[in-house]
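Thanks for coming. I will go through one model today, starting with charged pairs and then moving to packing.

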Amino acid sequence: MGKTSDLTAVQKTIIDTLHKEGKTQKVIAKEAGCSQSSVSKHINRQAKGRKKCGRKKCTSSRDNRTLQRIVTTNPFKNVGEIHKEWTAAGVSASRTTTRRLMKDMGFRCRIPCVKPLLSKKQRKKRLAWAKDKKDWTDAEWSKVMFSDESKFCISFGNQGPRVWRKSGEAQNPRCMRSSVKFPPSVMVWGAMSSAGVGPLCFLRSRVNAAVYQEVLEHFMLPAADQLYGDADFTFQQDLAPAHSAKTTSTWFKDHGIPVLDWPANSPDLNPIENLWGIVKRRMQYARPNNAEELKTTIRATWALITPEQCHRLIESMPRRITAVIEAKGAPTKY
């Protein structure tokens, strides 16, 4: 006797007719000339509107809407806090049920994206800057040396509170936390271009104009020789006080190095920020015991950055600018 998929149209008609007459599956199988299991499977496939098996749900649709509203209103609460607020609304459910329903609704516990706080004036300046640079080609961006400082810690585990969000909500302002400038701690200065990366400088003290000019003299100039040789280039830096000081501007003029105008609070426009992210992700399983071991790990990881990676990041500049224009100056996903 054949499988269910092997039943002929005549056999299926016989099965349906006898089933409607209330005949047993054993009798139907004998009349149709097939196995009883084939009859059972065919009847089950044809059955519609069957009641679901299993335990009855302990929450109603209204209860579930209440849970979704609680999570949406404050996505930074943990499961315990959400469960407590939900049961306080009169719902009888376990913490496990709360977590399961949140997962069924599409919520996942994720580390929130961090974006800088931007004033209305800063957004306007970012938008104007992006419109001014929207026609720059890859060749023009390849002549820019991007620089930045980044903080590295011995432990990378403390990443702050997590957030409940659904797929595609990473850039939703409701699911993000704002960042502000933080005082220098263990800081590293670095530079990159489409040709690769320059040498790192570990900053031992608070960066003022004098310290920054020492960094430029002993690290930026060698990086320029390494990455550009005798070719002209433009230097990029953010608007930190040491960078925008008059004495620093004078230093650049004395050395004949043009500086790219840059909007405030715009790490999403700087590709070296992504490079720092690559380095930190590669270091996430490293466990240096002291500052010197940390520096050794950073140097070794930085040395693994390839010119191809840098070139791809520089090629992203037109897309970054387009994103800023579309966001009307607001922070973007980069």
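First, a term: I call it a salt bridge when a side-chain nitrogen of Lys or Arg is within 4 Å of a carboxyl oxygen of Asp or Glu. The model is predicted, so local features need pLDDT of at least 70 and side-chain atom pairs count only at pLDDT 80 or more, while totals for chains, interfaces and linings use all residues. Residues are numbered from 1 along each chain as its sequence is written, and side-chain values use heavy atoms, with hydrogens and water left out.

By that rule there are seven salt bridges. Take D132 and K133: their closest N and O atoms are 2.9 Å apart. D132 counts as exposed at 52%, whereas K133 counts as buried at 3%. The pair also belongs to a salt-bridge network that links D132, K133 and D261.

E169 and R174 form another salt bridge, with 3.2 Å between the closest N and O atoms. Here E169 is buried at 18%, and R174 is partly exposed at 24%.

The next pair is D104 with R100, at 3.6 Å between the closest N and O atoms. Both sit in helix α6, four residues apart, about one turn of the helix. Helices are DSSP runs of H or I with at least four residues, strands are runs of E with at least two, and both are numbered from the N terminus. D104 is exposed at 56%, and R100 is partly exposed at 43%.

Staying with α6, residues 95-104, which residues are buried? They are T97, T98, L101 and M102. Seen down the helix axis, the buried residues of α6 fall within an arc of 135 degrees, so they line one face; the arc is taken from the directions from the axis to the C-beta atoms. The face turned away from the buried side carries the exposed residues T96, K103 and D104. The buried residues pack against α4 (61-73), α5 (79-88) and β4 (163-165), where contact means heavy atoms within 4.5 Å. Just after the helix, G106 takes a positive phi of about 100 degrees.

Now the cores. A nonpolar core is a set of buried Ala, Val, Leu, Ile, Met, Phe, Trp, Tyr and Cys residues joined through side-chain atoms within 4.5 Å. In soluble globular proteins, nonpolar side chains tend to be buried together. The largest core here has 30 residues, and W129, W141, M192 and L275 touch the most other members. Among the elements that give two or more residues to this core are α7 (120-133), β3 (144-151) and α12 (271-282). The most comes from α12, with five residues.

What is W141 in contact with, leaving aside its neighbours within four places in sequence? The list is W129, K133, W136, F146, L260, I314, M317, P318 and I321.

A second, separate core has 20 residues, including W189, M220, Y228 and F252.

Last, S316, in the loop between α14 and α15. S316 is buried, at 4% relative accessible area. A polar atom of the S316 side chain lies 2.4 Å from the backbone oxygen of L313.

Notes. Buried < 20%, exposed > 50% of the residue type's maximum accessible area, 1.4 Å probe, protein only. Polar contact = N/O pair within 3.5 Å; in protein donor to acceptor, adjacent residues only side chain to side chain.
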